[in-house]
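Let's walk through a few side chains together and see which partners they meet. Here is the structure to keep beside you as you read.

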Amino acid sequence: MAPLTRMRAADGNVPNELAPEYYAQRASQGGLIISEATQVSPYGQGYPSTPGIHSAEQIAGWKKVTDAVHTKGGLIFLQLWHVGRSSHSSFQPGGVLPVGPSAIAITDQVSLTPEWMTVPYETPRALELNEIPGIIEAYRQGARNAMAAGFDGVEVHAANGYLLQQFLDSKSNHRTDIYGGAVENRARLLLEVTQAVVDVWGAERVGVRLMPFGTYNDVGDSDPIGLYSYALTQLDRLDIAYVSLIEARKGNSMEIDTPKDIGALRPYWPRTLLVAGGFTGESAEQAIVSRHADAVAFGRQFIANPDLPVRLKMGAPLNHYDRSTFYGGGAAGYVDYPALDGVATSD
Ligand SMILES: Cc1cc2nc3c(=O)[nH]c(=O)nc-3n(C[C@H](O)[C@H](O)[C@H](O)COP(=O)(O)O)c2cc1C
């Protein structure tokens, strides 16, 4: 199950009371769930009602989720998130500006406020060099908290144009210090964060998600193969469990499907490769058989089909997803998608 933001957290950005049921419905023996993106710090939040992993209440809320998933025989990793400049001052403690690698605003999208108002993105404040250790510490603490919450591992979210990708990509990173310029510098924060998380969990429980060719959140690189081949080669040296690559899409949407170019990066990542992006049961099988990838993560189809692995195995028809209930709201579109009659949701 791919990481899926649902914007339904309760007060204090604690996973809501239906979250254990939602995740347990989708838990299957042998399958891996990646949680929705979860901010490691209050400054890392950029959307309404997304959960965090920086307070005792949030840890306790997530513990209920991991217990429910484990009871069903499932496994779940927490996706560690800092949105960087993809935030708005209305989310920031003290109403300060969000931070990024450089003072460059997102111009091709709009931001939400905590009250779901649509507003332009602000120009972020470029992080000072001496603030970067604090960012790494936030991820390290998030990783520790994920362990306290009973997760099986963690995934570093370095995709979709959030903070770590803002540092990676040349369009959003114009720094002139050791975190900007050459690919070795732009990849530095990703590698330091991953190392910090590996120090907590051990490398075999850590994955990293990247989006080498996408432009969501106004990112992009002048030489994605050069940048991401370097990042993958260095991640390989950290011995992590897997890399998850999001297939590129047309335009700026995360939800239009044109897989391309991932194959060019495969030689730089000999380890376990997850891919996601518009797969069907058939195309996923083809991806595995052809060794394009080792595993395929499903997003939207898993929202609508709690027993998706069973359905794919049987070739059974799928429920259609309702986009209007992806983000926010309550039980509708969250825990009320039916499983196949008479088939247990745990594989
Ligand atoms: C509602 C929704 C929320 C998403 N939230 C996240 C997220 O929190 N973290 C992330 O890395 N990707 C997120 N994505 C991207 C998905 O993980 C996945 O890569 C994408 O949906 C493509 O897979 P699919 O075609 O099977 O849906 C989200 C996608 C959707 C549709």
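E131 forms a salt bridge with R125, their closest N and O atoms lying 2.8 Å apart; a salt bridge here is a side-chain nitrogen of Lys or Arg within 4 Å of a carboxyl oxygen of Asp or Glu. The model is a predicted one, where local features need pLDDT of at least 70, side-chain atom pairs count only at pLDDT 80 or more, and totals for chains, interfaces and linings use all residues. Residues are numbered from 1 along each chain as its sequence is written, and side-chain values use heavy atoms, with hydrogens and water left out.

Now turn to R186 and D221, whose side chains meet in a salt bridge of 2.7 Å, N to O. R186 lies in helix α5 (residues 183–186) and D221 in the loop between β8 (206–210) and α7 (224–237), so the pair ties together parts 35 residues apart in sequence. Helices (H or I, at least four residues) and strands (E, at least two) are DSSP runs, numbered from the N terminus. Both R186 and D221 are buried.

R311 and D307 also pair through their side chains, at 2.6 Å from N to O, and both residues are buried. Salt bridges that share partners join E137, R140 and D199 into one network. By this rule, the count comes to 11 salt bridges.

Technical notes. Buried means under 20% relative accessible area, exposed over 50%, partly exposed in between (1.4 Å probe, protein chains only).
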